[in-house]
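Thanks for coming, everyone. Please look at the model on the screen while I talk.

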Amino acid sequence: MTDRRLATILSIDVAGYSRMMQSDAGAVLKVLNTVFRSLVKPKVAANGGRVVKLLGDGALVEFPSAFQAVTCAIAIQEDMRQVPLPYAYRETIYLRMGLHAGDVLVEGEDIFGDGVNIAARLQTAAQPGGILLSRTVADLA
């Protein structure tokens, strides 16, 4: 059964993932597993969000409020900038993030629709290590 709800969506992507995978896939996957397991998932949970799914180089996350989503995104990016870098790889791992609040279709544990698509497009346009949010999220947060 498909349901609808309003949500704030955080789309996360690893900048340069394809290039890094070509040079050392095993090491990249190991460090990204650590990043998502020990940083992203706990920050999402602490801010009241839900990891909808992990993708090869990113994640799709749902929050009930824009404020919680923005707070979580900032916390993750701040932790990714710690010195010395907490996640060992021969080059710096940068996450790009996009945030949008909108209507989503819910099917089982997955979500679809314009809210998800716009968050993903914003994430693609974000600078490595940056967060790009829609006007809707800015206004709500």
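First, the ground rules. This is a predicted model, where local features need pLDDT of at least 70, side-chain atom pairs count only at pLDDT 80 or more, and totals for chains, interfaces and linings use all residues. Residues are numbered from 1 along each chain as its sequence is written, and side-chain values use heavy atoms, with hydrogens and water left out.

Start with helix H1, residues 17-46. Helices here are DSSP runs of H or I with at least four residues, strands are runs of E with at least two, and both are numbered from the N terminus. H1 has 30 residues, yet its end C-alpha atoms are only 27 Å apart. A straight helix would reach 44 Å at 1.5 Å a residue. That expected span is 1.5 Å times one less than the number of residues. Now find Asp24. A kink of about 125 degrees is centred there. The bend at a residue is the angle between axes fitted to the seven residues ending there and the seven starting there.

Which residues of H1 are buried? Among them are Tyr17, Met20, Val28, Phe36 and Val44. Buried means under 20% relative accessible area, exposed over 50%, and partly exposed in between, using a 1.4 Å probe and protein chains only. The cover over them includes S1, strand S2 (50-55), S3 and helix H2 (66-80). After H1 comes Gly48, with a positive phi near 75 degrees.

Next, helix H3, residues 114-125. H3 has 12 residues and reaches 16 Å, close to the 16 Å expected. Its buried residues are Gly115, Val116, Ala119, Leu122 and Gln123. They cover an arc of only 130 degrees around the axis, so they sit on the same side of H3. The arc is taken from the directions from the helix axis to the C-beta atoms. On the other side, Asp114, Arg121, Thr124 and Ala125 are exposed.

Now the strands. S2 and S3 run antiparallel, joined by 5 bridges. Two strands pair if DSSP finds at least two bridges between them. A hairpin of 2 residues links S2 to S3. Arg50 has Glu62 as its bridge partner in S3.

Last stop: Glu62. Is Glu62 buried or exposed? Glu62 is buried, with a relative accessible area of 7%. Its side chain makes a polar contact of 2.7 Å with that of Arg5. A polar contact is a pair of N or O atoms within 3.5 Å; within protein, one must be able to donate a hydrogen and the other to accept it, and residues adjacent in sequence count only if both atoms are side-chain atoms.

Definitions and conventions:
Contact means heavy atoms within 4.5 Å.
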